[in-house]
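Student: Hi! Could you walk me through this one? I'd like to go site by site.

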Amino acid sequence: MGLGWARQQNASRQVGHYDENMLPEMLPIYYTRLFPQNIFCRWLTCGSSPQPLSNRELSFTLADDVYLRYLSFSDQKELQTLLQKKCPHKLDIGAVYNTKPSVGRHDAVVLSRELVFDIDLTDYDEVRTCCQEAKVCAKCWTFMVIACEIIDKTLKEDFGFQSILWVFSGRRGIHCWVSDYEARTLDSPGRGAVADYLCLIMGGDNQNKKVHLGGDNLHTSIRRALSIIDKYFDKLLEEQEFFSTSDRLEKMLKMIPDETLRSQVQKALEGMPDSSSERWKKFISIYENYCREAGNSRKIRYLAEEIKIQYCYPRLDVNVTKGFNHLLKSPFSIHPKTGKVSVVFKPSNAKNMKLDEIPSIYSLLDDSAPDNALHETNMKAAVKNFQEVVFSLEKAEAIRRKQDGNMSLDF
Ligand SMILES: [Zn+2]
C-alpha cells in the first residue's frame with residue numbers, strides 16, 4: 001500500500017520500531033481501507049436478530065484510555081462515520097438490548113449476546129515456564145492451540161453449535177464467539193453451566209492437585225480432550241520442561257496423592273537426567289507397575305491423565321463466559337500496545353499460526369516494512385475466514401426465520 005506519509009515517518013525512525021503515538025494517523029486509514037466493515041456489519045446483524053443492529057452496544061477506547069460505552073450504529077455508513085469521528089484505539093462489542101443502548105442507558109434490558117470464551121496466557125503462568133505475565137512466545141502458543149481445539153470440538157460435538165468464530169486477542173490469548181441462536185439467547189445459569197462443563201482445573205494457588213477425575217469410566221468429552229492433549233504432550237514436555245528443575249519436579253510430586261508411590265517416583269526421578277520427557281516416561285512406568293501390584297488403585301486410576309490435564313487443559317476466564325453483558329474486544333480491532341490485528345483464524349489452522357506473522361497495523365500500512373507483503377496476505381486470509389463463518393451464520397439464520405414463520409402460521 002503506497003502511503004507517502006508512512007514513508008516520511010519511516011525516514012525518521014528505524015524500520016520495525018513503532019509506537020502508539022502513530023495510531024491517531026494510521027487508524028482512520030485502517031478503518032476505511034482494511035477493517036472489513038461490510039462483513040462485520042453482517043456478522044453483528046445476524047448475531048443481533050431478531051433485534052435490529054442498532055440495539056447492539058459497541059464501546060470505544062479512545063486515546064489516553066477515554067472509554068465510551070453505549071454506542072451503536074444502524075448500518076455500515078453510520079459505522080464508518082462513527083469510526084472516522086472517534087478514531088477508537090480499541091473496539092469492544094457488548095450485548096443486544098431491547099432498545100437502542102444510547103437511548104435506554106441504564107433502563108435498557110439485555111436480550112441476547114453471543115456465548116463467548118476468553119483464554120489468556122496469563123492464566124497459564126503456573127504451568128508455562130518459557131514466559132510469564134504479558135510476555136508470550138511461540139512456545140506459549142501451543143497452549144492456545146490445545147485450548148482452541150478442545151473448546152471447538154466440545155462446542156460442536158457436545159452442544160451442537162455451528163457458528164463459531166475464533167479470534168486472536170491481539171496480544172496473549174484467543175477469543176471464541178458462538179453466534180447460534182440457542183447460544184445467543186442462553187440465560188446466565190445456562191452460560192454458567194457451559195463454562196463449568198469446560199472447567200476441569202479447580203482451586204487456587206494453594207492447591208497442589210487441581211484435577212480430580214474420580215475412579216469411574218471417563219466422560220467422552222474428557223477422553224476426547226485427552227486425545228487432543230496427547231497430540232501435543234511430547235512437544236510441550238520438550239518446550240516447557242515441566243519437570244526439569246527441582247522446584248518443578250516438586251510441584252509434580254505434590255500431585256501424587258499416594259505417599260508410597262510418591263516417594264518411589266521422587267527417588268527415581270531425582271536420580272536421573274533432568275529431561276522432562278525422560279522423567280515422564282519413567283514416572284509412567286513406575287506408576288503402571290505400582291497400580292498392577294497395589295490391590296486398590298481406584299484412587300489413582302487416572303493420575304497420569306489428571307496430571308496431563310492440569311498442565312495442558314484450557315484455562316478459561318469463566319466470568320467472561322458467565323456474564324451476559326461482558327464487553328469483549330471486536331474481531332479486527334487493533335491491540336493498542338502491540339499494534340496487532342485481532343485476526344479471525346480457523347481452529348484447524350491454529351497450530352500453523354506464528355505470532356510474528358499476525359498482521360500489525362504498522363506493517364500493513366507501511367509498504368517499506370519487511371513484513372508488509374506477508375502481513376497483507378495474512379490479513380486477506382483472516383478476512384476470508386471471517387466471511388466463511390458469517391456466510392454460514394446467514395444461512396442458519398435464514399433457516400431459523402423460515403421455521404419461526406412456519407411455527408407462527410401453525411398456531
Ligand atoms: Zn513463552
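This is a predicted model: local features need pLDDT of at least 70, side-chain atom pairs count only at pLDDT 80 or more; totals for chains, interfaces and linings use all residues.

Tutor: Residues are numbered from 1 along each chain as its sequence is written, and side-chain values use heavy atoms, with hydrogens and water left out.

Student: Is Cys 140 buried or exposed?

Tutor: Cys 140 is buried, because its relative accessible area is 0%; the cut-off for buried is under 20%, with exposed over 50% and partly exposed in between (1.4 Å probe, protein chains only). Cys 131 counts as buried too, at 4% relative accessibility.

Student: Moving along, where does Ile 146 lie?

Tutor: Ile 146 is in helix 6, residues 138–158. Helices (H or I, at least four residues) and strands (E, at least two) are DSSP runs, numbered from the N terminus. Ile 146 is buried, with a relative accessible area of 0%.

Student: Which residues is Ile 146 in contact with?

Tutor: Setting aside neighbours within four places in sequence, Ile 146 is in contact with Ile 228, Ile 229, Tyr 232, Leu 236 and Cys 312. Contact means heavy atoms within 4.5 Å. In that part of the chain there is also Ala 225, 79 residues from Ile 146 in sequence, with the two C-alpha atoms separated by 8.7 Å.

Student: What about Tyr 311, which helix is that in?

Tutor: Tyr 311 is in helix 13, residues 303–312, and counts as buried at 4% relative accessibility. Beyond residues up to four places away, Tyr 311 touches Val 127, Phe 143, Phe 242, Phe 243, Arg 248, Lys 251, Met 252 and Met 255. Tyr 311 and Phe 233 are 78 residues apart in sequence and 9.3 Å apart in space, C-alpha to C-alpha.

Student: New topic: at what angle do helix 3 and helix 4 cross?

Tutor: Roughly 115°, with the axes of helix 3 (residues 37–48) and helix 4 (residues 76–86) coming within 10 Å. Axes are lines fitted to C-alpha atoms, for helices over the stretch in contact, and angles run from 0 to 180 degrees between N-to-C directions.

Student: Which residues meet there?

Tutor: Gln 37, Asn 38, Phe 40 and Cys 41 from helix 3 meet Gln 76, Leu 79, Gln 80 and Leu 83 from helix 4. They divide into four nonpolar, four polar and no charged. In that scheme Ala, Val, Leu, Ile, Met, Phe, Trp, Tyr, Cys and Pro count as nonpolar, Asp, Glu, Lys and Arg as charged, and the others, Gly among them, as polar.

Student: Now the backbone. Which residues does a cis peptide bond join?

Tutor: Ser 49 and Pro 50, with omega about 10°. Pro 50 lies in the loop between helix 3 and strand 1 (56–61).

Student: And what is the phi of Tyr 70?

Tutor: Tyr 70 has a positive phi of about 60°, although it is not a glycine. Tyr 70 sits in strand 2, residues 67–71, and is buried, with a relative accessible area of 13%. Phe 332 also has a positive phi, about 70°, and lies in the loop between strand 8 (328–329) and strand 9 (344–345).

Student: Why do you flag those?

Tutor: Because most residues other than glycine have a negative phi, and most peptide bonds are trans.

Student: Last one: is Glu 57 buried or exposed?

Tutor: Glu 57 counts as buried, at 0% relative accessibility. Glu 57 lies in strand 1, and its contacts include Arg 69, Tyr 70 and Leu 327.
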